[in-house]
Amino acid sequence: YATVPITKENWKEAEPVETIPLPQPAGSTETLTVTGLEAGTTYYFALKAKDEVLQTSALSNVAQATTTKPSLTWARQRVYWASWADYSNRHLSIEYRMSNVGTGTAIDPTVQASLCIPASVYIVTQLPLGVVSNLSPGASTSVTLKYFVPTTVYSFTTTTYANCKDDAGRLYRFPVPMP
């Protein structure tokens, strides 16, 4: 396999697959899983076969596939006082929409931190906060966080950080880098 199209000229530069199963009887479907690939990368695959007298075939057709990668986005939906008690305690609710705009499933998306300016505003929702178990590509979910907002503050900004894993267990942080 390689990250460039494989030809008979560059065949020797392609990465060999470490473990190849024994061949099945002629005409059988063969499958192979290649591990350790980088996420969000296009790979090209080709093979050459040897017969029982070790004669090597010509280069096969070149197959191409792109590995998947999750990508989380975060958008504010609405801002509100959820109850009179929240208003009295200055706990403002902000509903966000977390979306996976990537090509791979976001596994265990979690809100890790929400930093506010000015610092007198701070999050009261306990973090980290697991959102859902999995967020498929193109899917969204609502997340509501509560912030303490003093009566002297009329506006504030937040930067909210989340993370997730991909199907290979790699960790992704959004936005990058997380403090």
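**Strand pairing in the chain**

Analyst: In this predicted model, residues 24 or more positions apart account for 62% of the contacts in the chain with a separation of 6 or more. With that in mind, we can turn to the elements themselves: the secondary structure of the chain comes to one helix and eleven strands, and, read along the sequence, these follow the pattern β-β-β-α-β-β-β-β-β-β-β-β.

One group of four strands forms an open sheet, in which the order is S3-S4-S9-S6 and the pairing is antiparallel. Strand S3 (72-80) and strand S6 (122-123) stand at the edges of this sheet, and because each has a single partner strand, one side of each is left without a neighbour in the sheet. The partner of S3 in that order is S4, which covers residues 91-100, and these two strands pair in the antiparallel sense over eight bridges.

Strand S5 (residues 106-117) runs antiparallel to S10 (residues 157-165), and eight bridges join the two; here alanine 113 stands opposite tyrosine 161 in S10. S10 is also joined to strand S11 (residues 171-174), again in the antiparallel sense, by four bridges, and in this pairing asparagine 163 stands opposite arginine 173 in S11. S10 and S11 form a hairpin with five residues between them, and in the turn glycine 169 has a positive phi of about 85°.

Around these pairings, the overall dimensions give some context. The C-alpha atoms of the chain fill a box of roughly 85 × 30 × 20 Å, taken along the principal axes, and the radius of gyration is 25 Å, whereas a compact globule of 179 residues would have one near 16 Å. Buried residues make up 30% of the 179 residues in the chain.

Finally, the chain has open space to consider as well: the largest pocket holds about 830 Å³. Of the 24 residues that line the largest pocket, Ile20, Leu32, Ala46, Leu47 and Lys48 lie nearest its centre, and by class the lining has 16 nonpolar, four polar and four charged residues.

Conventions: Residues are numbered from 1 along each chain as its sequence is written. This is a predicted model: local features need pLDDT of at least 70, side-chain atom pairs count only at pLDDT 80 or more; totals for chains, interfaces and linings use all residues. Side-chain values use heavy atoms; hydrogens and water are left out. Two strands pair if DSSP finds at least two bridges between them. On a 1 Å grid over the protein atoms alone, a cavity is a set of points where a 1.4 Å probe fits but cannot get out, and a pocket is an open set with protein on both sides within 12 Å along at least five of seven lines; lining residues have an atom within 4 Å of a point. Grid points are joined across faces, edges and corners, and a volume is the space filled by probe spheres set on the points. Ala, Val, Leu, Ile, Met, Phe, Trp, Tyr, Cys and Pro count as nonpolar, Asp, Glu, Lys and Arg as charged, and the others, Gly among them, as polar. The radius of gyration is taken over C-alpha atoms; the globule rule is 2.2 Å times the number of residues to the power 0.38. Buried means under 20% relative accessible area, exposed over 50%, partly exposed in between (1.4 Å probe, protein chains only). Contact means heavy atoms within 4.5 Å.
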